[in-house]
Amino acid sequence: MMTAIHAAEKYKVLLLEKNEKLGKKLFITGKGRCNLTNACDEETFLKNVMSNPKFLYSAISAYNSEAVMESFRSWGLTLKTERGNRVFPASDHSSDVIRTLEKEMEKRGVRICLNTEVKSLFPPAGPQAEEREADMEKNAGYPVDGKENGKWHICLADGRRLTSDVVVLATGGISYPGTGASGDMVEFLKRLGLKIRPFQPSLVPFESDPGICKPMMGLSLKNVEVSVFRSEKPKKPVYKDFGEMLFTHFGVSGPLILSASGMLQKYFTPEGRPKEKLELRIDWKPALSVEQLDQRILRDFEKSRNKTISHAIEGLLPRLSIPVVLSVSGIPAEKRVHDITLEERSRLVSNLKAFPLPVRGVRGFDEAIVSAGGVSVKEVDPRTMEVKQYPGLRVAGEMMDLDALTGGFNLQIAWCTAKLAAQ
């Protein structure tokens, strides 16, 4: 939609959409509120891009978050900025973002074809086209012809053919496949000979030990510190951050965990399995040192000497977590405080500062906010988004090997690459 709007300033534009309506994935972003960009400077934006940030220098310079916000405002959408510079529509409805884009396309004369699936593309005649013509004919199921006039041929699933001087593919990754995200066009580009990094889920929850996590399902922790360690280097974390997380029936989720999955992609296979043993550790009380926490527990013990330990630490931990933390620490929940040994107290302190959870993998594309991977950026001109091997073919957004952390950065990638692809 963004590509179509900008391209329509100079060109006749036809938008082909295989779904029955536009913006199905946009509709669910930001939990239905649509965090459409991040009001940060360009340097901060690039720091939040996990894959190939340097590729985006031209794109973000041409269409940064301030320019994106100004575009939406000029198109009639009222915006607001929240914590972390996250930008939302003032209405909190993603449908208003979609409607704004639809109205702007209509105003600029963009023709839209819904329920229209592209089967394959055929480049204008040329060395690369001739080389791979046989493979493409096999894929299409009928002979390739009429490639004169230097036009691209677009073959639709219903058998129709269209021609165009330029084709822009902006079909996204493969997260949330229920929105129609299938990766078909990325696979097609692979058949055209482009290098593709296999897709893998990113910004996605971790799977862990359900025996530990399920009893705490639904428990949200704020102001905790999460670290992830490799078994090969158990003392130096590969990820460490402070914030919020959530226990689920299968493991852990929440902002800290989603960010960890985005930053630790190289430690997981495309299927989401860890390539080596990883352990997540939670510091429940990051504001306290080990000694300070021990003193705090001793004070709580003094007040509750004749009560059970589970009662004595009620002011220290959320109620749901107490039985689990005690169990992991090897302390019976009904044991009286005056019977707690020094060793048991030491284990409790240790687990409160570094509560261990195995990382067994990440969840699948159904739950991934974005998919990492896609068309190698080495195949694409960063100034125009044109595929180097195929003049007239451009790509935009998540179908390229570009992904970022949460906070509006991934949609900003979509908008700025779309603007360059359109120009």
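Leu56 touches Phe45, Leu46, Val49, Leu402, Ile413, Cys416 and Thr417, leaving aside residues up to four places away in sequence (contact means heavy atoms within 4.5 Å). This is a predicted model, so local features need pLDDT of at least 70 and side-chain atom pairs count only at pLDDT 80 or more, while totals for chains, interfaces and linings use all residues. Residues are numbered from 1 along each chain as its sequence is written, and side-chain values use heavy atoms, with hydrogens and water left out.

**Nonpolar cores**
- The largest nonpolar core has 69 residues, and Leu36, Leu56, Phe72, Leu393 and Trp415 touch the most other members.
- Such a core is a set of buried Ala, Val, Leu, Ile, Met, Phe, Trp, Tyr and Cys residues joined through side-chain atoms within 4.5 Å; buried means under 20% relative accessible area, with a 1.4 Å probe and protein chains only.
- Helix α16 (residues 409-422) supplies the largest share of this core, 9 residues; helices are DSSP runs of H or I, at least four residues, and strands are runs of E, at least two, numbered from the N terminus.
- Another core, of 47 residues, lies apart from it, with Phe206, Met216, Leu256 and Phe268 among them.

**Cysteines**
- The disulfide count is 0, where a disulfide is a pair of cysteine sulfur atoms within 2.5 Å.
- For Cys34, the closest cysteine sulfur is in Cys416, 15 Å away and too far for a bond; Cys34 is buried at 0% relative accessibility.
- Cys40 is also buried, at 15%, and its sulfur is 11 Å from the closest cysteine sulfur, again in Cys416.

**Ser371**
- Ser371 sits in strand β18 (residues 370-375) and is buried at 0% relative accessibility.
- A polar atom of the Ser371 side chain lies 2.9 Å from the backbone nitrogen of Ile174.

Technical notes. Buried < 20%, exposed > 50% of the residue type's maximum accessible area, 1.4 Å probe, protein only. Polar contact = N/O pair within 3.5 Å; in protein donor to acceptor, adjacent residues only side chain to side chain.
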